[in-house]
Amino acid sequence: MEFLKNLHFGFGRRLPVIQQSQAAECGLACVAMVVNYYKYNIDMISLRRRFSTSMKGATLADVMRVAGSLGMAGRALRLEIEELDKLRRPCILHWNLNHFVVLKKVKKNAIVIHDPASGVRVVSMKEVSSCFTGVALELLPSASFKPAVEKQSLSMFRLIGSVTGISAALTQILMLSVALEVFGVITPFYMQWVMDQVLVSDDRDLLTLLSVGFIFVFLFQNLITALRSWVMTWFSSLLNVQWTTNVCSHLLGLPLSFFESRHVGDIISRFGSVSTIQETLTTRFISSVLDGIMAIVTLGVLFTYNRMLTAVVVLQFLLYAAIRWIAYRPFRNANEDHIITAAKAQSILLESVRGAKTLKLNNRQDIRVSSYANALVETTNKNIVVQRLSIGFSTIHGIIASIGRIALVWLAALQVLDGNFSAGMLIGFMSFADQFISRGSGLVDAWIDFRMLRLHGERLADIVLTEQEKDGRHEAESPGTVSSQPPTITLDNVSFRYAETEPMILDGCSFEIGSGESVALIGPSGQGKTTLAKLLLGLLQPVSGRILIDGVDIQDVGLYQYRERIGCVMQDDILFAGSIADNICFFSQEADQERIEQAAKIAQIHDDIMKMPMTYQSLVGDMGSSLSGGQNQRVLLARALYRNPSILVLDEASSHLDVEREMRINDAIRNMAITRIIIAHRPETIRSARRIVMLSDGKAQPVNPETLAPF
């Protein structure tokens, strides 16, 4: 009965559990929990849109700024553990020097916290002494605070997107289901008529007629059941393919910042919510509608038998509904905790598989296994909580159902003894009572399942309701903006930072790259060279200023059209599973073998490929694992050149190459009609450019090659 402690009847305020989606938004999630406690109902999607977060985390001052924008007055305190009970709760605690949690309750030997990373936790004072940094933030409504509702509405149609064929499939399933329900209503009368009509009158012909008739009834019932199952399978497959494809298309259309701020396991877990929602919708939607209708029909039939007995049946149903309602919130919280911890374990496993080489080189396999085991244990513990609640609920329901049925049979038998019921009517009534309980329970279960779907809907909404990158792919092409000629690129007073809480990486940066010019961007590490490359590629958007191509803002050109002109090799570029030829043409369905080989020759990888047993059909392995570092870089360069770009961006693209091979590549590219932007540290690479620009303190300054010093 532990879950009864979580029952909330609506009196007073309740501190919600809001868990973070992004790796470094614990402060934002803590603010969300506190403001929701004070009736400012806001979700993380809305909060994230209003306040950008940094992957480097947030300071206490940043958390106070966000809370202040929502009308909360903050008071930062430094205190000892013994003084925790004096804080106005809920309040925010600084935890483990890199995390924020919400303090809900202080007990004698422990505290209760809402952790954005792991949900509700009871923490012993011993653990508090090692985790609590001594800094707390009290948040209370200020004079300007006003309760409000600022949440994204979760429409199932928005989550599903454009799917065809649903109406026809649902209509067929509905018609077949109605036919099955009709047969279901008729079936109980067989035993009643046999007992009351056949056995009493010893009418063998009537027995034969009833038996033959109900054989056909059961035959048609099973045939329709098989047909409905087939239609539902078809409908489920149709919905699954289209919906999953829609979500995948939307996911891959999201800006780069979405992927950089989340763990891959969490993204995959959210993507997997599609299957859970789809399965519930396809298997439960029609049946729940019919359960509601048939529950009313069978209830009406029961009333024709006996009103007092019907009231007992209804009471049994209401007890079941009450138990399900009481158990809903604990079930939801437990399921959410389990899903999130499972996603974290999956992230650790995926990261470990990707980093297997690094783990072996540093002899850290055991540590990584321990981390995964701990995450798996936590996931298992969360699942045990779910199972414990399920067992408790099933036990209570089983007891009530058994006692209710015994009481019902007892009362119905008394009606037979009093002459109000025949034996056949007792059997018929019990059959209809079972149908009503089954239908009514199914309707309650479906209602709970649909409410539980909001949990998966909220997780899926993090993908579906996030605004896609505006790449202009479906917009009318601007005349004169697409050209195969090398363009002039202009940075006009460009400023950029990753979050409002961070300093400017680029601050009023301006320079021009002429048509066909080769420019090297240099500077000490951390000065924004790779960030500038991402801005030039349209992966990031400037906070202020513009990036122009032939005098037109790249946003007006359209990022899709603009990127069609670009070939690039970034520091963290990867190859995909497939052949070398597939990777050079990037799996184009109209691959040109001659262009593939030409690009490979310019990238100085052709000779290496021809020495391989399967030449261009040789497999690259997972992320290029079968190739050396230098071969990997040259295949990536060949992929960039295969596009016949008019702009080539190279970010440390030759760091694994020997000087002689790099010089040959530079000589080949130098003769191409192409605007080239090089980011490098090696002097040989830098001197291959015609002009050198140094990034320092967010500004761009020209550099004389003669005065070039190593970095």
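A crossing of two helices is called left-handed if the near helix is turned anticlockwise from the far one by less than a right angle, and right-handed if clockwise. The structure is a predicted model, in which local features need pLDDT of at least 70, side-chain atom pairs count only at pLDDT 80 or more, and totals for chains, interfaces and linings use all residues. Residues are numbered from 1 along each chain as its sequence is written, and side-chain values use heavy atoms, with hydrogens and water left out.

**Exercise 1.** Describe how helix 13 and helix 14 pack.

Step 1. Helix 13 (residues 365-417) and helix 14 (residues 423-464) have axes 10 Å apart and pack at an angle of about 150°, where axes are lines fitted to C-alpha atoms, for helices over the stretch in contact, and angles run from 0 to 180 degrees between N-to-C directions. Helices (H or I, at least four residues) and strands (E, at least two) are DSSP runs, numbered from the N terminus.

Step 2. That angle makes helix 13 roughly antiparallel to helix 14, a term for angles over 145 degrees.

Step 3. The crossing of helix 13 and helix 14 is right-handed.

Step 4. On helix 13, the residues R405, L408, V409, A412, A413 and V416 meet L426, F429, M430, A433 and D434 of helix 14, contact meaning heavy atoms within 4.5 Å.

**Exercise 2.** Work out which strands stand at the edges of the six-stranded sheet.

Step 1. The open sheet has the order 2-7-3-4-5-6, with antiparallel pairing; two strands pair if DSSP finds at least two bridges between them.

Step 2. Strand 2 (72-78) and strand 6 (119-124) are the edge strands, each with a single partner strand, so one side of each lacks a neighbour in the sheet.

Step 3. Strand 2 is joined by seven bridges to strand 7 (residues 132-141), the two running antiparallel, and A73 has L140 in strand 7 as its bridge partner.

How values were computed: Angles under 35 degrees count as roughly parallel, over 145 as roughly antiparallel, 65 to 115 as roughly perpendicular and the rest as oblique.
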